[in-house]
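The model shown here is a predicted one.

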Amino acid sequence: MSSIPLRYLIFSLALTACIIAAGCSAPGGQPEIISGLPGADLAVHFIDVGQGDSILIEFRDTTMLVDAGEREMGERVVAYLQDRQIERLDVVVATHAHSDHIGGLRDVISAFPVGRFVDAGQPHPTATYEKLLAQVEELGIPYTVAERGQTIALDPDLEVMVENPGLQPLGDINEDSVVLKVTYGGVSYLLMSDAGKPAEESMAKAGLDLDADVLKVGHHASRHASSAEFLAAVSPAISVITVGEGNDYGHPHDEALERLEATGSRIYRTDRDGTVVVATNGRALAVTTGSEPSVTLTPRAATPTATPVITPTATVAPSSGVYIADLDLQDEEVTIASAEATAVNLTGWTITDEGMRNTYTFPVFTLVPGTNVTLHSGAGNDTATDLYWGRGVPVWNNDGDIATLSDPDGRVASTLER
Amino acid sequence: MQDETAFRASLDRVEEGLAVLLLREDESVRFTLPRALLPQGAREGDILEVVIRRDVAATEEARRRVAERIERMRGKGRE
């Protein structure tokens, strides 16, 4: 035990202090979601392991892995980590003992030195779990059972809080899953594992600050998780569903998807988007999906093709009633209107000029039916009808320009030439 | 015995009425059964003994029944 540097992990049971700290570090308001984020300090990788979870957290030069999918996904996770040039894992978390979360962990802890193993500690009698524990013990990896109120100290600037299980376990493996809240600067990630409504209620009752910008949706978007009350408390800008295509359980369930959509959150799914990486510098968020070059934690030259779009080529967005109604080159205003009968979530949509020299990304924003929104090139305070790019110099060329409106997947919804 | 196998499986979890079972001997082998087919008392984590027995008599009886029906229908078809 004494050989493990304490700086990797300091557990604290100062629950009250942690709640205050979490509340302070996550001020109100949503961070901007932008295209590409060179020099991000924190990258959270939702690795595509089919039906199951595996999440890699990289913060500067520290690493933490949360789960590793089914047994047959272990090699894929190891390969992913090797591709990232990862040489050790400071912390490995087994959120609960079901095979779609811990099955691949034996391959991982065989392949990398591990600083500490954090476990849910429920005595599940499967051979998968027993062998994993035996291997952790044989390798001499320091072992901790997670409990609400603990903090996993990877780095002084990164707060990792254990939100679940509570001090009184709920008596169900899913509901006693380890739930983590990761906060850096003004940005928080809530990683729900397979926790469902009982755990959500337990966390709310404990008075935890559940507000987060990125939500790892609970239990592969089962209908038994992500209640409307819980989602209202979290109010995520980005939701990530870890789910396998054509799984036996019908995940994600429509009811859960509808509740998520109602929050206005952007939704990513590993069955459609592949591995999803959400990076932050503590203020803004950037998303990379699939086989695109992943976010690097060191500054790199931004190239026009490095934007996080899901489809590489621009195609016309189907059935989108959102369009550019006007472009005023002199007054530096673009007006966006909607012909939809329902509100349209424009979060993450973009406006670009001719040749994509300038890109504006919509903050969390919903366009109400029958209204317009005007994007001003200059600075100002955003309202329901007016958004401000914050540019000190004109964007639009008075000799003629083309405005393009695209959805978060990069599909062109509308263009207007003036 | 040639007509019977028995093995143990862990009941890893129940999802949407499906029991997810892991073969004890090699838990990378995973299969599902409707939860309703398991004993009512089965709980997550339980080690289950699964016995598969060929019902040779019932199989023969069903085969004979179907063959008879085919013959009968064939006869009628020729009438």
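**Polar and charged pairs**

A polar contact is a pair of N or O atoms within 3.5 Å; within protein, one must be able to donate a hydrogen and the other to accept it. Between chain A and chain B, 14 residue pairs are in polar contact, both residues having pLDDT 80 or more. On the side of chain A that touches chain B, the elements giving two or more residues are α3 (99–102) and α5 (127–138) of chain A. The largest share, three residues, comes from α5(A). By class, this side of chain A has five nonpolar, ten polar and seven charged residues.

Six salt bridges are counted between the two chains. In one of them, A:E70 is joined to B:R13, with the closest N and O atoms 3.3 Å apart.

**Extent of the interface**

In the interface, 22 residues of chain A are in contact with 18 residues of chain B. The area buried between the chains is about 1600 Å², and carbon and sulfur atoms give 41% of that area. A:R71, A:P125 and A:Y249 supply 30% of the area that chain A buries against chain B, more than any other three residues.

**The sheet in chain B**

In chain B, four strands form an open sheet in the order β3-β2-β1-β4, with antiparallel pairing. Because β3 (30–34) and β4 (47–53) stand at the edges with a single partner strand each, one side of each is left without a neighbour in the sheet. From one strand to the next, the twist averages 45°.

Strand β1 (residues 4–15) of chain B pairs with β4(B) over seven bridges, in the antiparallel sense. B:A6 has B:V51, in β4(B), as its bridge partner.

How values were computed
Residues numbered from 1 in each chain as written. Chains lettered and ligands numbered in written order. Predicted model: local features only at pLDDT ≥ 70, side-chain atom pairs only at ≥ 80, totals over all residues. Heavy atoms only, no water. Contact = heavy atoms within 4.5 Å. Buried area = accessible area lost by both parts, 1.4 Å probe. Salt bridge = Lys/Arg side-chain N within 4 Å of Asp/Glu carboxyl O. Polar contact = N/O pair within 3.5 Å; in protein donor to acceptor, adjacent residues only side chain to side chain. Nonpolar A, V, L, I, M, F, W, Y, C, P; charged D, E, K, R; others polar. Pairing = 2+ DSSP bridges. Axes fitted to C-alpha atoms, helices over the stretch in contact; angles between N-to-C directions.
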